[in-house]
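Student: I am new to this structure. Please show me how to read it.

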Amino acid sequence: MADDRLIVALDVPNVVAGLAMAGRLGDAVSFYKVGLGMLTGGGFALANELKAAHGKRVFLDLKLFDIGATIEAAVRGIAQYDLDFLTVHGDPQVVRAAAVGKGGSGLKILAVTVLTSLDRADLDANLIKAGEIAQITLERAARALEAGADGVIASPQEAAMIRALPQARGKLIVTPGVRPAGAALGDQKRIATPAQAIADGADHIVVGRPIWQADDPAAAARAVVAELGSGT
Ligand code: C5P
């Protein structure tokens, strides 16, 4: 049985490979993430195909950032397609524009706080104020939620502290960087197991390579769902 709490990152090169993988995963997966790596490989067409023809939920991970008018127009366009989640950068003016753009559609706007690939030296280079990354992440999450985000993207390490924010009540927390027990880490460093991420307050976990690179992707997806259990 598929479980909506598992979102599989379809980080394959193009729509053909994406549809083939979705076919292999079949009923084991009900929610997919399509991102920028597939933009030139038909990513948007794949997102629509997964939604319309296969009845899957779709998370479009575009991490949009631009002037308000452009964000509003871009999100208004995307909101016509009945997709489920869309990421924008968590700057309040970007989030506010995205919230206007989505209008009355069912699209959920998820804010990116601080990219987990950045360290303090990168933040210094970007002229981001002094302070611990964890604190800056928490403040950006609070401000994005106040600005109208439906939720935030957070590493498993950040999920619990964000969940404790008053601004996060009723909002979504979606965590990548999740590794089933015993899975290869790849380039992920700060990881948690699926069950731990959910216990720490995540509503959805994003898992990519441990599923789509597996010899039997459907079995790998079912194993993650089994790790989530049914009682959380
Ligand atoms: O293959 P893996 O499970 O590491 O894939 C995780 C997905 O989540 C990838 O699409 C990656 O780009 C995305 N992601 C992440 N860490 C973040 C933000 C997004 O791994 N901090």
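Student: How many nonpolar, polar and charged residues does the shell around the ligand have?

Tutor: This is a predicted model, where local features need pLDDT of at least 70, side-chain atom pairs count only at pLDDT 80 or more, and totals for chains, interfaces and linings use all residues. Residues are numbered from 1 along each chain as its sequence is written, and side-chain values use heavy atoms, leaving out hydrogens and water. Ala, Val, Leu, Ile, Met, Phe, Trp, Tyr, Cys and Pro count as nonpolar, Asp, Glu, Lys and Arg as charged, and the others, Gly among them, as polar. Here the shell has 5 nonpolar, 3 polar and 4 charged residues.

Student: Which residues surround the ligand?

Tutor: A residue is near a molecule if one of its heavy atoms lies within 4 Å of it. The residues around this ligand include Asp11, Lys33, Thr116 and Arg209.

Student: What polar atoms lie by the ligand's oxygen and nitrogen atoms?

Tutor: A polar contact is a pair of N or O atoms within 3.5 Å. In lysine 33, a polar side-chain atom is 2.9 Å from a ligand oxygen. A side-chain N or O atom of threonine 116 lies 2.5 Å from a ligand nitrogen. For arginine 209, a polar backbone atom is 2.7 Å from a ligand oxygen.

Student: How many aromatic pairs are found in the whole structure?

Tutor: Rings of Phe, Tyr and Trp (its six-membered ring) pair if their centres lie within 6.5 Å; planes under 30 degrees apart count as stacked, over 60 as edge-to-face and the rest as tilted. The search finds 3. Phenylalanine 44 and tyrosine 81 are edge-to-face, because their planes are at 80°, with ring centres 4.8 Å apart.

Conventions: Polar contact = N/O pair within 3.5 Å; in protein donor to acceptor, adjacent residues only side chain to side chain.
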